[in-house]
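Here are my notes on the model, point by point. Please read them with the coordinates open.

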Amino acid sequence: MDGLVGLLKVRVVRGINLAYRDARGSDPYVVLRLGKKKLKTSVKKRSVNPIWHEELTLTVTNSSEPLKLEVFDKDTFSRDDPMGDAEIDVAPLMEVINMNPEDIKNGAIIKSVRPSTRNCLAEESHVCWRNGRFVQDMILRLKNVESGEIQLQLQWVNIPGAK
């Protein structure tokens with residue numbers, strides 16, 4: 001893999017108060033994009049508070065590239081309806097991956113990121129050292145939609161020999 005930096009595991013945990021796109025609710029799924037790579041979750045039928053707990057793994061070749069998230073309502077006979085989007089800044093996680101974790105206690109918060117106009121965070125997000133890995137839990141407020149949040153967990157995986 002030419003130019004491979006590492007792997008970004010994204011656990012799509014759940015949706016919170018997503019928008020109604022059909023009379024009975026919505027049939028949401030999440031699409032993640034990083035550069036030209038695109039992955040999606042399964043469709044959750046008739047739910048505006050879906051629970052996925054699905055892990056999607058993206059190869060990272062440019063660590064400064066933002067991770068884009070979109071939510072759609074699956075439709076059978078027409079184009080899928082957009083249900084909001086968000087951009088995820090992976091820089092806070094990238095900033096800690098070269099730290100030596102030897103002296104870090106399990107569960108320790110390494111870095112905190114506050115919600116701002118420059119990110120889509122609904123609340124403060126923490127990068128932690130947990131079970132031998134750097135992870136970042138977050139809740140994103142979706143843009144371009146009347147309501148909705150997505151809960152995620154990011155985890156970085158180093159690849160031996162990668163840049």
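1. Contact here means heavy atoms within 4.5 Å. By that criterion, and not counting residues up to four places away in sequence, Leu39 touches Val30, Val31, Leu32, Leu56, Thr57 and Leu58. Leu39 is found in strand β3 (residues 37-40). Helices (H or I, at least four residues) and strands (E, at least two) are DSSP runs, numbered from the N terminus. Leu39 has a relative accessible area of 29%, so it is partly exposed. The cut-offs are under 20% for buried, over 50% for exposed and in between for partly exposed (1.4 Å probe, protein chains only). Leu39 and Arg79 are 40 residues apart in sequence; C-alpha to C-alpha, they are 18 Å apart in space.

2. A word on the basis. This is a predicted model, in which local features need pLDDT of at least 70, side-chain atom pairs count only at pLDDT 80 or more, and totals for chains, interfaces and linings use all residues. Residues are numbered from 1 along each chain as its sequence is written, and side-chain values use heavy atoms, with hydrogens and water left out.

3. Overall build. The chain has one helix and ten strands. From the N terminus on, the order is β-β-β-β-β-β-α-β-β-β-β. The C-alpha trace spans about 55 × 35 × 30 Å along its principal axes. Of the 163 residues in the chain, 46% are buried. Among contacts with a separation of 6 or more, 57% come from residues 24 or more positions apart.

4. The sheet. Six strands form an open sheet, in the order β4-β1-β10-β9-β8-β7, with antiparallel pairing. Two strands pair if DSSP finds at least two bridges between them. At the edges are β4 (51-60) and β7 (109-113), each pairing on one side only. Neighbouring strands of this sheet are turned by 20° against each other on average, direction ignored. The axes behind that angle are lines fitted to C-alpha atoms, for helices over the stretch in contact, and angles run from 0 to 180 degrees between N-to-C directions. Strands β8 (residues 125-130) and β9 (residues 133-141) pair in the antiparallel sense over five bridges. His126 has Asp137 in β9 as its bridge partner.

5. Aromatic pairs. How many does a search of the whole structure find? It finds two. Tyr29 and Phe72 are stacked, at 5.7 Å centre to centre and 25° between the planes. This pair links distant parts of the chain: Tyr29 sits in strand β2 (residues 28-34) and Phe72 in strand β5 (residues 67-73), 43 residues apart. Both Tyr29 and Phe72 are buried. Trp129 and Phe134 have ring centres 4.7 Å apart and planes at 65°, so this pair is edge-to-face. Both Trp129 and Phe134 are buried. The criteria: rings of Phe, Tyr and Trp (its six-membered ring) pair if their centres lie within 6.5 Å; planes under 30 degrees apart count as stacked, over 60 as edge-to-face and the rest as tilted.

6. Asn119. Asn119 is in the loop between β7 and β8. Its relative accessibility is 18%, so Asn119 counts as buried. A polar atom of the Asn119 side chain lies 3.0 Å from the backbone oxygen of Arg114. A polar atom of that side chain also lies 3.0 Å from the backbone nitrogen of Ser116. Leaving aside neighbours within four places in sequence, Asn119 is in contact with Val113 and Arg114.

Methods: Polar contact = N/O pair within 3.5 Å; in protein donor to acceptor, adjacent residues only side chain to side chain.
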